[in-house]
Amino acid sequence: MSLHDEIAKATIENVRSSLTRHMPGSPLRDYYLWGISTANPYREDFLQMIGVRQLINLSAQMIGEVIEPDDRQSIAQYCGRINAYFLYEIMSDNLANGLSSLSVNDENAAIRRQILHTFDEVMVSRLKHQHNATAELLKPIEELTRTISCFAQSMTPRKHQACITAYLAQRPDVTQEDIEYGMWPILVANIEACYELAEYMGRFQVGDLLRQGFIDRYQGVTATLDVDRGLPLNELVRTGMHTSSVVPVLAYFAGVLAEIIRSEPMLRSIIQDGTLADAFMTSAVIVRLVNDMGMLLTLSQNERKNVMSSLWNHYQHNANDVEAVDYVLLSAPDEYTMLTRLQKDLMHGEFNVGLHNLAFSNSIGEALTLLDNNLANLSEMYYREMSHLHDLLASIDRRITNRTLSNLIAGFVRFHEMIYAEPYNSTVGEYVA
Amino acid sequence: MGYEISWYIPGRVVQAIFTGTISSEEAAAASAMTAQFIQDGDPPQVHLIADTTRLERFPTNLNLLNRSASKHLWQPKLGWTIVISTNSTTRLISGIITQVARVRFRMFPTFDEGVRFLADQDSTLRAQIPAGDVSTVG
């Protein structure tokens with residue numbers, strides 16, 4: 001069996017196990033168990049829609065080049081374990097859709113904020129061993145979650161609808177509302193799966209990096225929700241860098257590869273002097289930048305000028321019809337899909353470091369000028385961070401016995417650059433599409 | 001109520017007529033009702049004609065529309081979405097929302113042209129179009 005197929009098998013097994021252990025009994029749990037089973041005629045769509053296919057692809061690409069063939073089966077199980085946690089992450093993360101600075105507050109924006117604040121607090125306190133009562137502590141928001149459609153919050157509501165229609169045909173005792181508005185069990189499972197991962201890895205040298213990485217991630221989400229004014233770009237990047245879970249994921253796989261599967265004698269020294277953490281944080285910044293800006297970051301000054309010039313022309317040509325800068329960006333011709341990451345975050349109301357401050361501009365013209373400046377600055381930051389990462393990885397290579405860790409980190413960043421260059425609503429371009 | 005949803009061709013083509021001012025809540029409700037019509041319609045496809053020629057004011061926030069008033073666009077049976085309008089803002093918004101949802105969309109200035117297009121795309125409709133609605137079909 002290929003590594004990809006081993007990981008796919010292990011992921012489905014771990015998802016099934018996690019659903020049974022971590023998620024409270026509920027119509028949603030039954031739906032997910034059905035969704036990943038062969039009883040679902042839309043199983044492949046379901047796996048794509050909930051992000052499992054992309055998680056499998058990411059694991060296979062990250063790990064494939066750095067492991068020995070004999071280690072495939074063992075590694076696949078570790079991939080499956082973290083992929084099961086991410087299944088829940090994708091859903092809970094979607095709650096933040098529509099809460100960016102450029103979004104108009106819809107009728108349940110305040111409710112979603114409250115849910116996320118509570119969820120993040122309970123998660124952080126669980127990770128800090130301050131309680132063992134996740135379901136009880138999330139109880140106060142259970143009724144609130146029944147007002148939120150997890151389909152509307154997702155990026156693929158159409159695929160959700162196709163799957164659920166097939167499921168309801170087999171389960172006439174269940175209603176669509178039971179599932180569409182039943183995301184509370186996901187939140188419970190998310191916390192418990194994350195805690196289990198952190199506990200498991202706590203025995204290893206990377207354990208602290210991983211646990212702190214998770215804590216920073218959820219505190220980062222709360223911080224991005226609470227930003228209600230313009231901020232300097234580097235502060236926005238610092239706020240946003242943790243929310244992409246890069247640090248805990250890299251810590252996890254570093255632990256798997258350099259402590260569990262093989263033992264790297266010099267690992268302690270690069271952890272203790274902060275080199276490994278620095279490499280993880282730098283990767284987190286790069287992935288955040290690429291997530292938000294895509295290939296706009298790699299344009300030369302002239303190319304950037306051409307893109308902005310096209311946007312200005314498009315705006316002037318449609319000035320009577322456009323009410324806000326998101327119209328300009330969403331309707332602009334985009335032959336080379338340069339704008340795709342901006343368009344994704346505008347359409348789904350997600351936090352974006354390059355767009356956040358545009359919400360506080362006084363006109364569309366001012367917003368476009370600001371975007372131009374942001375592009376230039378973020379592009380510079382991107383190249384600076386890439387150069388720093390290159391130096392860190394070279395330093396790691398000099399100090400440890402093989403290139404496993406540097407290849408892991410470089411491969412992770414490369415994978416994200418590749419998928420974020422694709423249209424966000426293509427199968428390749430996003431974790432869920 | 002600034003909207004009316006009904007069958008133009010029972011089971012096959014939904015008609016949504018909008019007049020006056022539509023609030024975000026009404027847009028969401030109209031979308032949900034349209035979604036129900038589509039679900040209840042005949043496979044394989046149910047088309048939608050949305051007449052906005054008498055619409056004066058409507059929500060224009062794209063993010064809000066995408067999240068709250070697009071339930072009809074999620075329906076697997078949805079075929080063509082035809083918008084009847086001469087308003088260029090309507091064209092811009094409809095084009096963006098339907099492109100994100102990856103549904104087939106066209107806009108026409110008159111109902112006659114919209115129906116003729118649908119009949120061209122789906123020949124099973126031709127015999128069912130009410131007499132006199134289209135000057136020449138097929």
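User: Where do I start with a helix such as H10(A), and how many residues does it have?

Analyst: Start with its length: H10(A) has 14 residues and reaches 20 Å from its first C-alpha to its last, close to the 20 Å expected at 1.5 Å a residue. Keep in mind that this is a predicted model.

User: Is H10(A) enclosed or open, and why?

Analyst: First the general idea: an α-helix has 3.6 residues a turn, so residues three or four places apart point the same way. Now the case here. Of the 14 residues of H10(A), 10 are buried, so the helix is largely enclosed by the rest of the structure. Among the buried ones are A:Pro157, A:His160, A:Ile164 and A:Tyr167.

User: What covers the buried residues of H10(A)?

Analyst: The cover includes H9 of chain A, helix H2 (27-35), helix H3 (43-49) and helix H11 (176-180) of that chain, together with H3 of chain B. That brings us to the contact between the chains.

User: How many residues does each chain bring to the contact?

Analyst: Chain A brings 22 residues and chain B brings 20 residues. On the side of chain A that touches chain B, the elements giving two or more residues are helix H9 (150-153), helix H10 (157-170), helix H19 (325-331) and helix H20 (340-348). H10(A) gives the most, with 5 residues. Sorted by class, this side of chain A has 9 nonpolar, 8 polar and 5 charged residues.

User: Let's look at chain B, then. How many helices and strands does it have, and in what order do they run?

Analyst: Chain B has 4 helices and 5 strands. Reading from the N terminus, you get β-β-α-β-α-β-α-β-α. Its radius of gyration is 14 Å, close to the 14 Å that the globule rule gives for 138 residues, so chain B is as compact as a globular protein of that length. The C-alpha atoms of chain B fill a box of roughly 40 × 30 × 25 Å along the principal axes, and 46% of the 138 residues count as buried.

User: How do I read the sheet, and which strands are at its edges?

Analyst: Here's the general idea: strands of a sheet pair through backbone hydrogen bonds, either parallel or antiparallel. In chain B, an open sheet of 5 strands has the order S1-S2-S3-S4-S5, with mixed pairing. The edge strands are strand S1 (3-9) and strand S5 (104-108) of chain B, each pairing on one side only. On average, neighbouring strands of this sheet are turned by 20° against each other, direction ignored.

User: How many bridges join S4 to S5 in chain B?

Analyst: There are 5 bridges between strand S4 (residues 78-84) and S5(B), and the two run parallel. For a pair to find by eye, B:Trp80 stands opposite B:Arg104 in S5(B).

User: Which helices pack on that sheet?

Analyst: Helix H3 (residues 88-101) of chain B does, touching strand S3 (46-57), S4 and S5, and its direction makes about 170° with that of S5(B). Helix H4 (residues 111-121) of chain B packs on the sheet too, touching strand S2 (13-21), S3, S4 and S5, and its direction makes about 160° with that of S4(B).

User: Last one: is A:Asn14 buried or exposed, and why?

Analyst: A:Asn14 is in helix H1 (residues 3-22) of chain A. It counts as buried because it has 22 C-beta neighbours inside 10 Å, and the cut-off is 20 or more. Leaving aside neighbours within four places in sequence, A:Asn14 is in contact with A:Gly80, A:Arg81, A:Asn83 and A:Ala84.

Conventions. Residues are numbered from 1 along each chain as its sequence is written. Chains are lettered from A and ligands numbered from 1 in the order in which they are written. This is a predicted model: local features need pLDDT of at least 70, side-chain atom pairs count only at pLDDT 80 or more; totals for chains, interfaces and linings use all residues. Two residues are in contact if their C-beta atoms, placed from the backbone, lie within 7 Å. Ala, Val, Leu, Ile, Met, Phe, Trp, Tyr, Cys and Pro count as nonpolar, Asp, Glu, Lys and Arg as charged, and the others, Gly among them, as polar. The radius of gyration is taken over C-alpha atoms; the globule rule is 2.2 Å times the number of residues to the power 0.38. A residue is buried if 20 or more other C-beta atoms lie within 10 Å of its own, exposed if 12 or fewer, and partly exposed in between; C-beta atoms are placed from the backbone. Two strands pair if DSSP finds at least two bridges between them. Axes are lines fitted to C-alpha atoms, for helices over the stretch in contact, and angles run from 0 to 180 degrees between N-to-C directions. The expected span of a helix is 1.5 Å times one less than its number of residues.
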